[in-house]
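Here is a short briefing for a reader who is meeting this structure for the first time.

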There are 2 protein chains.
Amino acid sequence: MNYFFSLLFSVITITATSQSIKIDDEKALVDFHLTALTNGKSYEWLSYLSNKIGGRMSGTTSAEKAVIWGESTMKEAGFDKVWLQPVTVPHWERGEKEVAYYTFNNKKINVPICALGNSIATQKKGITAEIIEVKSIDEAEKLGNLLKGKIVFFNVPMKSSNLRTGTSYGETAGIRVNSARIIGKYGVLGVIIRSLTTSLDDFPHTGVMSYRNIPENEKIPAAAISTNAAELLSKHLKENPQLKFYFKQNCQNFEPKQSYNVIGELTGSENPDKYIVVGGHLDSWDLGQGSHDNGTGVVQSMEAVRLFKNNNIRPRNTIRVVLFMDEENSGSGSIKYATEAKAKNEIHLAALESDSGGFTPRGFSIDSNQKYFELMQSWKPLFEKYGIYEFFKGGSGADTSDLKNDNILLVGYKPDGQRYFDYHHAASDTFDKVNKRELELGAAAMASLLYLMDSYLD
Amino acid sequence: MNYFFSLLFSVITITATSQSIKIDDEKALVDFHLTALTNGKSYEWLSYLSNKIGGRMSGTTSAEKAVIWGESTMKEAGFDKVWLQPVTVPHWERGEKEVAYYTFNNKKINVPICALGNSIATQKKGITAEIIEVKSIDEAEKLGNLLKGKIVFFNVPMKSSNLRTGTSYGETAGIRVNSARIIGKYGVLGVIIRSLTTSLDDFPHTGVMSYRNIPENEKIPAAAISTNAAELLSKHLKENPQLKFYFKQNCQNFEPKQSYNVIGELTGSENPDKYIVVGGHLDSWDLGQGSHDNGTGVVQSMEAVRLFKNNNIRPRNTIRVVLFMDEENSGSGSIKYATEAKAKNEIHLAALESDSGGFTPRGFSIDSNQKYFELMQSWKPLFEKYGIYEFFKGGSGADTSDLKNDNILLVGYKPDGQRYFDYHHAASDTFDKVNKRELELGAAAMASLLYLMDSYLD
């Protein structure tokens, strides 16, 4: 694009920011957006969390550092009250980097894999066995005892055809979570899962798996394989179904540990004991920097509240930022928060969660009664000039859904999702994948919604 | 984000792709999107154009290669007719990489600069002079003869506050295009322009400048400086206003050359002599790979028409892909196309241009009479389920606006623009910055609009 065209372009688009401001709501939204874009803190905060602290799995030293950072950042930003809510979290660590390879046509093929969260290790020397490719847990179950002594390779691509990548993830993630648990009983030695991403790349994407309550002797190790390596392995298996696959992983479950949800408040002027929550999760997987998942949600939640302060807007109700610990492994932070809120009979009016990445804002996913759903629709025109059009029924997020009752408005912040699974749970989820403006526009959109919630809910 | 939440998410979003298809229009849009996402060609084509051909300035050998590639690609895709339209283009080359530095506190500071397109070189040994920072052409003009013997540094940041980055670009680009021409008469030795991007990075962003008809002796060299270096230089100038800045550039204007617009057609079944144009520009700047600007527009235009063929949809009118040469330097390709179309009395019903990057689709910019503007609005509901909501009045693009008359529907494809100027005209405009799904969704949106134009225009 060159200059001459852009001048034309600018004439029509400038109206988007310069239309007359008639009411307080419109003015607040303008102020939030201007402040976020010209004097925002979210990007600087995310840089620190990503580059200085990095990946921060529950129970690790990095997660502890993130807790201290979250607390001090909200204190420095001038929140009225900041404290730590103790929570016992699982503690699983990857240990030494995984190794996998096989030989094909006398050539050693190294395979990028990573252990799935919560998986057991292989034996120390690793596992070598024939590997059987299947397309579903059903197919594996039908093979049953024929799988004995084998490694099972679930080569199920995340579908490209769904418009929303989250849909495809939802359709496929059950294999990652459940397959090892279900087929361990057939004497399988281990499972290798195709990474959950529509992109073809060389990163294995981790994520949680679960054994639930199966006997110890049915537990088998589970790892993710990169999509490129899965394609190649599948091709090689067609030519040599007997090829022997080797993998070794060194992960370990340690004793649960004490950690914390980090909570900061802006006290309400009218109803200090009624709460609106905004949050994301502070923990992340270990492979990358946890930037999109969920550093962006953490910094956007803090920034949304800082935007109130920065614009001298005192909320009527108390707005509470919650940086939840342990979303990825067991959800202990969200359970703790909800349980304690209930025990204290705290009135929660609404909760807004950001855990879908730091991309350009597109809309909000709404989990509420019909009255609140319609209230949200009535705010839509205020958001449309910021390019936010999608107000649809759906879940709010893993960390806020425990607060569900008949009288709460639960909302998930929903940015553009096309790139999210390129980075999700992989070493590629790093700071450089986050665009400053997209992140800031998200924080402004969240502040805007909090403002409206605070103004119209009682 | 973890698995459990996503399942909730999927339940509500899956409806976006599975609603009942009642009419041909809806079915065509579904088919285009499915084909683009599961069996598309645009990403593979863009990889070749970016990685095998690379930057392709008008008049260069790479641009010639791009012409041959465009022609053979459309032939291989089975277009009914493919041909080259000769056009004489300017031929400017950068030559040896530019050098710039200054000394501050006895330390040599190397400065990333690049010559602006069409600029003259410095003298061979370069230029050393005091450098004066200004904030506008007006400010420089007021200084007038005080600028004699100096280098002038236009340190004008592209505004962060506009929602649309194109607005900010339009507000600032005049400095890049015009400053050297306007202030050369004061005996200025050269101008250094802050790069046109809201991001802080180390890439100088080039782009066209113009001397128009000023006398030879008023022509002075013009270069862009990276935003990080501009910030640093500004800081250092505050401490030492006398510091001497050195720069050297080796660019050169050669004789104009013969090149080509590359044109491919799918012949209309009812009105073969009525045309709907879809296009982008084949040339690019030389610093990167010209991936977003405008490789994406090129491959999306070809893909949009291939999606008709792939789904066995024969258009009523002739759909013509035009890969315009020389958008960046002088617009000779678009002028040639429009002039020839007029000379031949060709009836053009509509033109759709993609020259705003290969990001997630957001909408269309419409330049037409009121009747067509309203026709476009009537198609909006068909696009909303694909996340496309913005149908607004504005220019179509630099390459199609020459076709303007009272009876043509001119449209610009408008994807999300937050990241566009991070890469625009810089070495960072490379293939890895393009997301496959975002690119493909754009091609499908363009095919969808072409289908509706073809169905409803006569």
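Two strands are said to pair if DSSP finds at least two bridges between them. With that in mind, the points below describe a predicted model.

**The sheet of chain B**
- In chain B, 8 strands form an open sheet in the order 1-10-12-11-13-16-14-15, and the pairing within this sheet is mixed.
- The edges are formed by strand 1 (81–93) and strand 15 (390–393) of chain B, each of which pairs on one side only.
- On average, and with direction ignored, neighbouring strands of this sheet are turned by 20° against each other.

**One pair of strands**
- Strand 13 (residues 347–353) and strand 16 (residues 409–415) of chain B run parallel and are joined by 4 bridges.
- B:Leu352 stands opposite B:Val411, a residue in strand 16 of chain B.

**Helices on the sheet**
- Helix 9 (residues 291–310) of chain B packs on the sheet, where it touches strand 10 (252–266), strand 11 (271–281) and strand 12 (317–324) of chain B, and its direction makes about 145° with that of strand 11 of chain B.
- Helix 13 (residues 436–456) of chain B also packs on the sheet, touching strand 11, strand 12, strand 13, strand 14 (361–367) and strand 16 of chain B, and its direction makes about 160° with that of strand 16 of chain B.

**The domains of chain A**
- The domain assignment of chain A gives domain 1 (20–91 + 255–456) and domain 2 (95–250), and the C-alpha centres of these domains of chain A lie 34 Å apart.
- Between them, 14 residues of domain 1 of chain A are in contact with 18 residues of domain 2 of chain A.
- The side of domain 1 of chain A that touches domain 2 of chain A has, by class, 6 nonpolar, 6 polar and 2 charged residues.

Notes:
Residues are numbered from 1 along each chain as its sequence is written. Chains are lettered from A and ligands numbered from 1 in the order in which they are written. This is a predicted model: local features need pLDDT of at least 70, side-chain atom pairs count only at pLDDT 80 or more; totals for chains, interfaces and linings use all residues. Helices (H or I, at least four residues) and strands (E, at least two) are DSSP runs, numbered from the N terminus. Axes are lines fitted to C-alpha atoms, for helices over the stretch in contact, and angles run from 0 to 180 degrees between N-to-C directions. Two residues are in contact if their C-beta atoms, placed from the backbone, lie within 7 Å. Domain bounds come from an automatic or database domain assignment. Ala, Val, Leu, Ile, Met, Phe, Trp, Tyr, Cys and Pro count as nonpolar, Asp, Glu, Lys and Arg as charged, and the others, Gly among them, as polar.
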